[in-house]
Amino acid sequence: MFRIFNRIRRTGQLTEPLPAAEQPAAEPGARCQQEIARKFSHSLAIRMVDAGSCNGCELEMHAVNNSFYDIERFGIHFVASPRHADLLLVTGVVSRHMEEALQRTYAAIPNPKLVIAMGDCAGCGGEFGVSYASCGAVANVIPVDAVISGCPPTPEQLLRGILELLQRS
Amino acid sequence: MNGGQEFNVTPGRVLQLAAGLAADGLAEALEPSPGLVARLSLQPGNWGRVAELAAQQGLRWSAVWGDHCPPQISIRAVLFGSDGHLLLETAVDEQRPELTSQSPFYPAAERPERTLHDMFGVQFSGHPDDRRWLRHQAWDENDFPLRRDFPRNGKRSTATTGDSSYPFPAVAGEGVYEIPVGPVHAGIIEPGHFRFQAVGETILRMEEHLGYVHKGIEKIAEGRDLAGLTRLAGRVSGDSSVAHSWAACQAAERALQVEPSSRALALRAILAERERIANHLGDMGAICNDVGFAFAQVQMSRLRELWQRQNLELFGHRLLMDRVVPGGVCCDLTPQQISTLQRAGDCLHRDIEELLPLLLEYPSLQDRLRTTGVLSPEDARRFGVTGYIGRASNLQDDLRRDAPYAPYDRLQVRVPAYLEGDVAKRLRVRGEEVLVSLELQQQLLHELPPGALRVACPPPGREVEGIGLIEGWRGEMLAYLRLDAESRVLRYFPRDPSWLSWPVLEVLLKNVIVPDFPVCNKSVNGSYSGHDL
C-alpha cells in the first residue's frame, strides 16, 4: 500500500493546459468550460457511437480521458445512455449493419442535440467510403453539426473540434 | 496437465503430415510459396478428412478464405505446426460450391466457414451450425458479396434494417433469464451484440453476434494499387495498424519477390514492438479499471500517452499508421533520435518493473483477477488461440520465435507463458511482454543496420500471389494477396487474430458472474473491426 502511495506522490499532477494554436492568449479548454457553463449548465454529456470505425478514433477518445487531457475538468463527460446525452459523437463510416442502431441512438437523445462526426471516415467516408456494406459519411444517415477531421484526430484536435462547435451553436 | 505431459507449443509437424497425406493419396504436394513449409492441393471431398488427420497430429488451425476465380471458387486454409505453416488448397465449382467442413475437428473454423457461406455461397457439409455469421440484413441470402459478379456498391439503395431476427438458441428452465447487450455498448467501445443466459448472477452461456462493423474491406480492396492497399490494411483494425500493414506488405513483397533492406525491416520491427507496448499498457490499465483499481489505470494511461507522444514526435503518427509502406518504411531515425528512444525505453522499463509487482502482489486486485475467466490449456489448444490469451493458457506459439521472419530471425524472443489461464495471468503475460518488447526495441536500436528505407516494387508482369505472416500484439496475423500484372489487387484477405480469440471468450465465461464480464472481455480484447472486416 505504501508503495502505491509513494508512486502516486512521485507521479504528481500531470494534467496540462492545452497549447493554444490560433489564438495564443486563449486557452481552449477553459473556453470550452465557459461555453458549457453558459449553454449546458456546466455539464456536457457525450454519447459516443462507433458506427463502423477501425477503432483508431476510440483509442484517441480514451486518451482525452487520461490525466494529461482530463476532459472531465471542462465539464465534458461520456455517458452510457443516449437519454442522458447532449451530444452524439460518431466515429467511422456508417456500416449498413449499424445504420438503424445509429438512427435509434440519435432518436433516443433528447432535443436539442448536437452531432459530431469524428475522424475522416465519419466526416467524408475516409478509406472505406460507400459500398454494399457501408453508407459512407455519417451525414448520409443523420444530420451532422460538425466534423473533426484526422485519421484519427489527436486528443487535442478532438477537444478543439468540440469547442468550435460549442462556440457557434 | 494430464500425465505430466506438457504442450508448450503446437506439437504437430507439417512435414510429417504432408508426407503422410501424399503417401495416402489424399493430397498432392505443390511447390511451397515463400514463408510456408508446405503446400498441398486437395480434392474437395478430402477437405474435412485432411483436417481430421491434421487435428489428430496436433496441428493448429489458423485460417480459411475463398477467392472467386470464375467458374471456380478456390478455397485455401492455413495450418500451423512446430516447423511452420502449411497451406491447403482446393477449388469448388461456383454452381455447386460444396465442401466438407473442417469445423468438427477444429472449432476455430466454425465462424470462418459460415463467413465463406455468407460471402461466397460455399456450402459446408457436416458443419455443426448452419446460421449466417457476417451477413445481417444488408444483402440477400442468395447474394454473395465476394463473388466477382456482385457489384461493389451492392444491389440495394434502400435503408438497411437492424438485425433483430438472428436465431439465438432459446433457453428454458426455472430462473433462467437473458440479457441482450449491444450493439451500442455502454462505454467507448466498438459495437457488437452479446446474449447472456444467466441464472442469478452466474452466466450459463454467452453467445456473440458480431458483424456490425462489417464495411466490406475485402471487396473495396479489389483494384487498389499497393499504396492504397497498405493504407487500407493499416485500418483493418486501428490498434493493429503496423501489424496489418506489415502483413499485407510482406505478402506483396513475397509475391513480387522484393526484399526490403535490413534497415527497413528493423524499423518495421521497432514500430511493431512499439504498437505492442502501447496496446498492452492501455489494456493493463483498463483491465484493472474494470475491477475498480483506478491507480493502475492512471499509471498505465500515463505511460501509454507518453509513448504515443513519442510516436508522434519521432515517427510522425500517434498510432503509427501509414509508416509501413510497400518495399519498406517511410520513417527513419537519426543517431540522436535513437538515443532519445533508448532513454525513453529504459525509463519505461524501470516504470514497468516497479508497477508490475504492485499489480501482481496487490491482494484486493488479485482477488478479483485470479480464477476469473479461466481458459484451460486443453481448451486453448482445442481452439488454437494465439497471443497473450494462448500464452496465459500455456499455448506459447509466437511467430517471432517459432516461425521467425526478418529481423526476428536474428533475435532471441523470450515468450512468457503460464498454466492457469485466468485474467490475472493474461494481465501478467502482457506486463512481461512489455518488458520483452522493450528489450527487443533496445536491441534493434542498438544494432540498426544501414540500408535503403524503401526499395521499388515493380509490377510483376503476370498474376502473382503471396502470404504474409506476422506476430501482431494480439497474436498471429495473416494476409493473403493476389495481384494482377500491374500490381493491382485481385484479392486481399486479412485474418486478424481476433478470429481466434472471440470464440474462446464464450468458453472462458462459463460460470463467471455477470459483473465480471467486462474484465473478462477486456482481458481477451478481440477487435470488432479486425473481425468484421
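## Backbone features of chain B

B:Pro407 sits in the loop between helix H13 (399-402) and helix H14 (423-446) of chain B; helices (H or I, at least four residues) and strands (E, at least two) are DSSP runs, numbered from the N terminus. The peptide bond that leads from B:Ala406 to B:Pro407 is cis, and its omega is near 5°. B:Pro71 belongs to the loop between S3 and S4 of chain B.

In the loop between helix H10 (363-369) and helix H11 (377-383) of chain B lies B:Thr371. The phi of B:Thr371 is near 60°, a positive value in a residue other than glycine. Most residues other than glycine have a negative phi, and most peptide bonds are trans.

## Basis of the model

This is a predicted model, in which local features need pLDDT of at least 70 and side-chain atom pairs count only at pLDDT 80 or more, while totals for chains, interfaces and linings use all residues. Residues are numbered from 1 along each chain as its sequence is written, chains are lettered from A and ligands numbered from 1 in the order in which they are written, and side-chain values use heavy atoms, with hydrogens and water left out.

## Overall form of chain B

Chain B contains 17 helices and 15 strands. Its radius of gyration is 23 Å, close to the 24 Å that the globule rule gives for 533 residues, so chain B is as compact as a globular protein of that length. The radius is taken over C-alpha atoms, and the globule rule is 2.2 Å times the number of residues to the power 0.38. Along its principal axes, the C-alpha trace of chain B spans about 70 × 60 × 55 Å.

The domain assignment divides chain B into domain 1 (7-125), domain 2 (176-212 + 497-533), domain 3 (217-258 + 459-496) and domain 4 (261-321 + 330-455). These bounds come from an automatic or database domain assignment.

## Domain 1 against domain 3 in chain B

The centres of domain 1 and domain 3 of chain B, taken over C-alpha atoms, are 21 Å apart. In domain 1 of chain B, 19 residues are in contact with 11 residues of domain 3 of chain B, where contact means heavy atoms within 4.5 Å. The two domains bury about 1,200 Å² between them, and carbon and sulfur atoms give 54% of this area. Buried area is the accessible area (1.4 Å probe) that two parts lose on being put together, summed over both. B:Pro34, B:Trp65 and B:Asp67 supply 38% of what domain 1 of chain B buries against domain 3 of chain B, more than any other three residues.

Between these domains there are 3 salt bridges, a salt bridge being a side-chain nitrogen of Lys or Arg within 4 Å of a carboxyl oxygen of Asp or Glu. B:Glu476 and B:Arg60 form a salt bridge, with their closest N and O atoms 3.1 Å apart. On the side of domain 1 of chain B that touches domain 3 of chain B, the elements giving two or more residues are strand S3 (60-69), strand S4 (72-81) and strand S5 (84-93) of chain B. S3(B) provides the largest share of that side, 9 residues.

Over all chains, the structure holds 55 salt bridges. B:Glu476 lies in strand S14 (residues 476-483) of chain B and B:Arg60 in strand S3 of chain B, so this pair ties together parts that are 416 residues apart in sequence.

## Chain A against chain B

The size of an interface is often given as the accessible area lost when the parts come together. Chain A and chain B bury about 4,700 Å² between them, with 58% of it on carbon and sulfur atoms. A:His97, A:Glu127 and A:Tyr132 supply 20% of the area that chain A buries against chain B, more than any other three residues. Counted by contact, 53 residues of chain A meet 69 residues of chain B.

There are 7 salt bridges between chain A and chain B. The side chains of A:Glu127 and B:Arg231 meet in a salt bridge, at 2.8 Å from N to O. Elements that give two or more residues to the side of chain A that touches chain B include helix H1 (2-11), helix H3 (56-63) and helix H4 (99-108) of chain A. H3(A) gives the largest share of that side, 7 residues.
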